[in-house]
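Q: I'd like to learn how to read a structural model, one feature at a time. Please give me the general idea first, and then the case at hand.

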Amino acid sequence: MSILSLFVVIPALMLLGLWAARNLNQVRGVMVAGSSCLLVLSIWLTVTFIQMRADGNTDAMLFTYSIPWFKPLNIAYAVGVDGISVVMLLLSSIIVFTGTFASWQLKPLTKEYFLWFTLLSTGVYGFFISIDMFTMFMFYEVALIPMYLLIGVWGSGNKEYAAMKLTLMLMGGSALLILGILGIYFFSGATTMNVLEIAQMHNIPVEVQKVFFPFVFIGFGVLGALFPFHTWSPDGHASAPTAVSMLHAGVLMKLGGYGCFRIAMFLLPEAAQELSWIFLILTTISVVYGAFSACVQTDLKYINAYSSVSHCGLVLFALLMMTKTACTGAILQMLSHGLMTALFFALIGMIYGRTHTRDIRKLGGLMKIMPFLSVGYVIAGLANLGLPGFSGFVAEMTIFVGSFANDDTFHRTATIIACTSIVITAVYILRVVGKILYQKVADPHYETLTDATWDERVAVCCLIACVAGLGIAPLWASEVINNAVGPIIDHLNTFASL
């Protein structure tokens with residue numbers, strides 16, 4: 001059995017431990033132990049992966065393992081990782097670990113909440129290690145289904161509507177996705193659903209690719225907040241409990257970009273080249289529209305939700321540019337945005353838990369009352385607007401430099417339009433920071449509020465360290481990602497020139 005299977009086995013053991021837990025301390029103990037093991041495992045995997053590449057191992061995937069699962073359709077439990085998968089597993093483990101501490105005080109039904117939270121994380125881990133299309137789709141669904149209950153039961157505001165809207169739209173995307181996956185399987189003539197083997201065969205006619213590429217790209221793109229299929233995202237984020245928002249925006253939305261790159265573009269390269277302009281227009285709209293929408297919001301969660309639409313749109317935008325630098329930037333943006341938005345949602349949840357409002361018009365003077373949380377919010381904001389020294393700057397600069405490398409007018413115009421989002425982001429971030437932190441105290445009751453507790457400080461400090469660490473020392477991540485992106489881009493360019 002591959003070491004990668006531990007990313008599924010450990011969450012499964014956590015589910016058993018949570019089921020057997022009889023009090024709150026036992027529930028918390030299971031979550032801390034399990035999430036810590038996953039974090040250590042992902043760090044070990046990252047270090048080992050880098051060392052194996054340094055030693056000259058050039059295999060497309062490392063730690064591969066495959067065992068037949070359903071022979072009539074040639075479905076196998078097949079796992080493996082490249083540089084993209086490794087950094088996504090690392091991101092997921094960081095968010096799950098910090099999300100555990102962000103949910104430390106959550107009540108009621110704490111045990112049930114963590115059961116569904118762990119099931120969601122199981123789907124995420126399984127998705128990133130899978131290299132069999134059907135197995136990947138199965139874990140994809142496992143990651144989506146718990147969202148309905150996590151928002152509908154433990155959420156806030158109009159949570160039933162938000163949960164239903166999110167579920168129906170993502171299930172609609174899944175319906176398109178399964179049609180696309182089956183189309184790839186049957187028209188490729190493959191005797192396997194292994195992504196690498198199908199890519200090597202490349203037997204799908206171009207006209208068939210054009211039919212199924214939109215199914216797969218839109219199917220994954222719905223989760224990646226592709227315009228105009230993004231409308232579930234702001235409502236879902238605004239109603240979800242803190243740790244669910246962290247995992248949802250920080251990791252779950254990254255499944256969309258990952259799937260678009262790994263399945264849609266890698267397996268359908270000619271269609272990707274010919275149809276990319278359509279989706280490039282949609283993603284450019286996502287980038288700018290999301291940023292402008294964030295400017296007019298008054299709810300802290302809605303501001304960050306629309307910001308996520310813009311930043312996740314930037315991921316798909318960069319992937320569709322199909323240059324090595326831009327696609328490396330896209331994966332860096334997935335990693336960077338995951339950390340930044342998790343930090344934002346954690347801080348927003350902590351502020352809301354004290355003030356009982358997310359309306360920026362009713363907040364003010366928080367820097368004086370809760371300095372730790374306020375400084376954390378300033379750092380998150382500076383990272384989000386792309387200040388040098390933080391992860392956002394590295395990712396966005398890589399994207400825009402790589403995108404502008406295309407020498408045609410269409411791609412360069414789209415890049416210039418997308419660049420305007422940097423200025424718009426600065427507008428809404430600085431507006432919110434100035435309004436809620438530095439003006440006079442909006443409500444005398446706020447004077448009695450307390451600053452962050454120890455568990456909240458653990459979550460916030462871990463995320464700040466990661467955001468700053470990636471910004472100060474991005475080379476290791478860039479090299480790991482670049483080595484994985486290269487073969488996929490070469491594959492795209494090879495078949496595009498035929």
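Q: Let's start with burial: which residues in α10 are buried?
A: Buried means under 20% relative accessible area, exposed means over 50%, and partly exposed is in between (1.4 Å probe, protein chains only). Helices here are DSSP runs of H or I with at least four residues, strands are runs of E with at least two, and both are numbered from the N terminus. In α10, the buried residues are Thr242, Ala243, Val244, Ser245, Met246, Leu247, His248, Ala249, Gly250, Val251 and Leu252. That makes eleven of the eleven residues in this helix (residues 242–252), so α10 is largely enclosed by the rest of the structure.

Q: What sort of model are we looking at?
A: A predicted one, where local features need pLDDT of at least 70 and side-chain atom pairs count only at pLDDT 80 or more, while totals for chains, interfaces and linings use all residues. Residues are numbered from 1 along each chain as its sequence is written, and side-chain values use heavy atoms, with hydrogens and water left out.

Q: How many helices and strands does the chain have?
A: There are 20 helices and two strands. The radius of gyration is 22 Å, close to the 23 Å from the globule rule for 498 residues, so the chain is as compact as a globular protein of that length. The radius is taken over C-alpha atoms, and the rule is 2.2 Å times the number of residues to the power 0.38. Along its principal axes, the C-alpha trace spans about 70 × 55 × 45 Å.

Q: What share of the chain is buried?
A: Buried residues are 63% of the 498. As for the surface, the chain exposes about 17500 Å², with 68% of that supplied by carbon and sulfur atoms. Those areas come from the Shrake-Rupley method with a 1.4 Å probe, and for residues only the protein chains shown count as cover.

Q: Where is the largest share of the lining of the largest pocket from?
A: Ground rules before the answer. On a 1 Å grid over the protein atoms alone, a cavity is a set of points where a 1.4 Å probe fits but cannot get out, and a pocket is an open set with protein on both sides within 12 Å along at least five of seven lines; lining residues have an atom within 4 Å of a point. Points are joined across faces, edges and corners, and a volume is the space filled by probe spheres set on them. The largest pocket has a volume of about 540 Å³. It has 28 lining residues, and the closest to its centre are Ala102, Leu106, Thr242, Gly349 and Gly353. Two or more lining residues come from each of α3 (83–102), α5 (133–154), α10, α14 (324–355) and α19 (454–472). The largest share, six residues, is from α14.

Q: What about the second largest pocket: what is its volume?
A: About 330 Å³. Of its 17 lining residues, Ala60, Leu196, Phe266, Pro487 and Ile488 are the closest to the centre. Here α20 (475–496) gives the largest share, six residues.

Q: How many cavities of 30 Å³ or more are there?
A: Three. The largest has a volume of about 60 Å³, and its lining is Ser310, His311, Leu314, Asn384, Leu385, Glu396, Phe400, Ser421, Ile422 and Thr425. The elements giving two or more of those residues are α13 (300–321), α17 (391–404) and α18 (409–438). The second largest cavity has a volume of about 40 Å³. Among its lining residues are Ser188, His202, Phe266 and His491.

Q: What does Val467 touch beyond its neighbours in sequence?
A: A contact means heavy atoms within 4.5 Å. Leaving out residues up to four places away in sequence, Val467 touches Leu339, Met340, Ala383, Phe390 and Ser391. Val467 sits in helix α19 and is buried, with a relative accessible area of 1%.

Q: Which residues are joined by a cis peptide bond?
A: Most residues other than glycine have a negative phi, and most peptide bonds are trans. In this model, a cis bond joins Phe227 and Pro228, with omega about 0°. Pro228 is in the loop between α8 (206–223) and α9 (232–239).

Q: And is His356 buried or exposed?
A: His356 is exposed, with a relative accessible area of 60%. Its phi is positive, near 60°, and His356 lies in the loop between α14 and α15 (366–369). Phe63 also has a positive phi, near 60°, but Phe63 is in strand β1 (residues 62–70).
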